[in-house]
Amino acid sequence: MISVSGKRDYKGQVIFLYEDDSSYIPDEVLEARNISSTLEGKLYSVTNIYISNKFYVIVGLGGYRDLDMKKLKSVVAKSVKQMKKAGIEEYGMDITPFIQRFDSQCLFHLVEGIKLGNYEFYGYKTDKKEYDYTVFLQGIHKDINQIKEIIHKAENIVDGIIIARDLVNAPANRLTPELLSQEVILLGDKAGFEVEILKEDELEELNMKAFLTVGSSSGNSPRLIVIRYNGNSTSDKVAGLVGKGVTCDTGGYCLKASNTMGGIKGDMAGGAAVIGAIYGLAMNKVKTNVVGIIPACENRISRESYIPGDVIDSMSGKTIEIINTDAEGRLILADAITYGIKVEGIDKVIDIATLTSAVVAALGFTTTGVLTNNTEFYDKLIKASEKSGEQFWRFPIYDEYRDMLKSDIADIKNMGKDYLGTVTAGLFIGSFAEKLPWIHMDIAGTAWVNPPVFQYQSEGATGAPVTSLYFLFGMGDE
């Protein structure tokens, strides 16, 4: 819990210290055992001390002019982790340095740092005890009601990140396509968005053959999860967010290596991001129209499984030559995009997927790879990323890259060469977008971290790119 409060006696206190300004340090800390001589304010430095039975956490901010929102989020997350480690559940946090430097613009990242720094996936232990905390924010002396409203909206956005993290961290047997569908229905009831679940017979009627080809490999039947958030009744424009929802990915007959099997439960992180982003938009009643489309299925091995060399159909009418059964995400996304165009009438589309290991080789674990056919749309994403703090990098598109997907026996292949994997995977999906403004996000590197890269991350799911999607559609046409 985050509260805006005046002075009172807490069990703990968080203080932030600039390298070149110690004016924010209370007298009782400066006087205690001459501790002031040990306080340097170096970025991410931590000093823990008990004074009169009160636990102080003092975290360095570095130089005044060097502090930015990402560092702010990290130092806040580091401070709350210190309190959690010490078992302090109620404490004050003096945010005067942030308010004086950035005014209310810092509040979203402050809330992110607090809530994500405290995040932990408690799993399914029978003796689990969740950490229940209350952080009282100090240093806010004006516009209290407005500040409370900003914090409330920020919490809704960050709750969307946490929802995405929880879904991705869940093991495959606890989150089958049907169970994922049920979770989304509950979230829709809470946040106020419409949910429709399409089962196998309905998918057959729609001729979603690419999606069904992948989903038929499992005894847990596929589900198409459709989320409709209509927040702007004055507009007939609807953006499509299409998220890969493979809740278990063995690779099919192109079986994954044993040392990569640990991550096969998280191949629905794109779908989880869609759910988390729309949850935030709905909770904050943002004036926009978005439809989320999540093809949820498992990619397993059975007598019915597709194999390399097969030629399959798709909802678009295109035939697809299967080169690799572990390139299944692009198949189900192709049908989901076609569904969005033909049934939901979307006017632009973003697809989000943990798609290729190649993007990790290119960009590591901090930057999402992007392909797009529309620079204006991409520029809006970058503008949104400036608010979210997430990083994106646009890959080039050339005709010779598209040629790598040409097939001798079908309209297109589901895989190119042994190189340019991120680009050709994205181009395969983009070929089903029918010239709509389209962005492809490959989050294979950014959806999961082990170990964490930033203080506001924990081992496992990150919730990327929920916040960028939220701000992209939360900004409207500005």
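Predicted model: local features only at pLDDT ≥ 70, side-chain atom pairs only at ≥ 80, totals over all residues.
Good morning. Residues are numbered from 1 along each chain as its sequence is written, and side-chain values use heavy atoms, with hydrogens and water left out.

Let me place that contact. Strand β5 covers residues 90–94, and β5 pairs with strand β6, residues 134–138, in the parallel sense over 5 bridges. Strands here are DSSP runs of E with at least two residues, helices are runs of H or I with at least four, and both are numbered from the N terminus. Two strands pair if DSSP finds at least two bridges between them. In general, strands of a sheet pair through backbone hydrogen bonds, either parallel or antiparallel.

β5 also pairs with β2, again in the parallel sense, over 3 bridges. There, glycine 12 stands opposite tyrosine 91 in β5. β5 is mostly covered, with 4 of its 5 residues buried. Buried means under 20% relative accessible area, exposed means over 50%, and partly exposed lies in between, with a 1.4 Å probe and protein chains only.

How many residues of helix α4 are buried? In α4, residues 107–117, the count is 11 of 11. The buried residues of α4 include Glu112 and Lys115, as well as Leu107 and Phe108.

A further sheet is open and has 3 strands in the order β12-β13-β17, with mixed pairing. Its edge strands are β12 (311–312) and β17 (412–413), each pairing on one side only. β13 and β17 run parallel and are joined by 2 bridges. The bridge partner of isoleucine 320 is isoleucine 412 in β17.

I turn now to charges. The whole structure holds 16 salt bridges, a salt bridge being a side-chain nitrogen of Lys or Arg within 4 Å of a carboxyl oxygen of Asp or Glu.

One of them joins lysine 244 and aspartate 267, at 2.8 Å from N to O. This pair links distant parts of the chain, 23 residues apart: lysine 244 lies in the loop between β9 (239–243) and β10 (245–249), and aspartate 267 in the loop between β10 and α9 (269–283). Are these two partners buried or exposed? Lysine 244 counts as buried because its relative accessibility is 3%, and aspartate 267 counts as buried because its value is 8%.

Another salt bridge joins aspartate 326 and lysine 256, at 3.1 Å from N to O. These residues are 70 apart, aspartate 326 in the loop between β13 (320–321) and α10 (329–344), lysine 256 in the loop between β10 and α9. Aspartate 326 is partly exposed, at 26%, and lysine 256 is partly exposed, at 22%. Salt bridges that share partners also join Glu194, Glu196, Arg228 and Glu344 into one network.

Lysine 209 and glutamate 204 form a salt bridge as well, their closest N and O atoms being 3.1 Å apart. Lysine 209 is partly exposed at 29% relative accessibility, and glutamate 204 is partly exposed at 44%.

That concludes the tour. Thank you.
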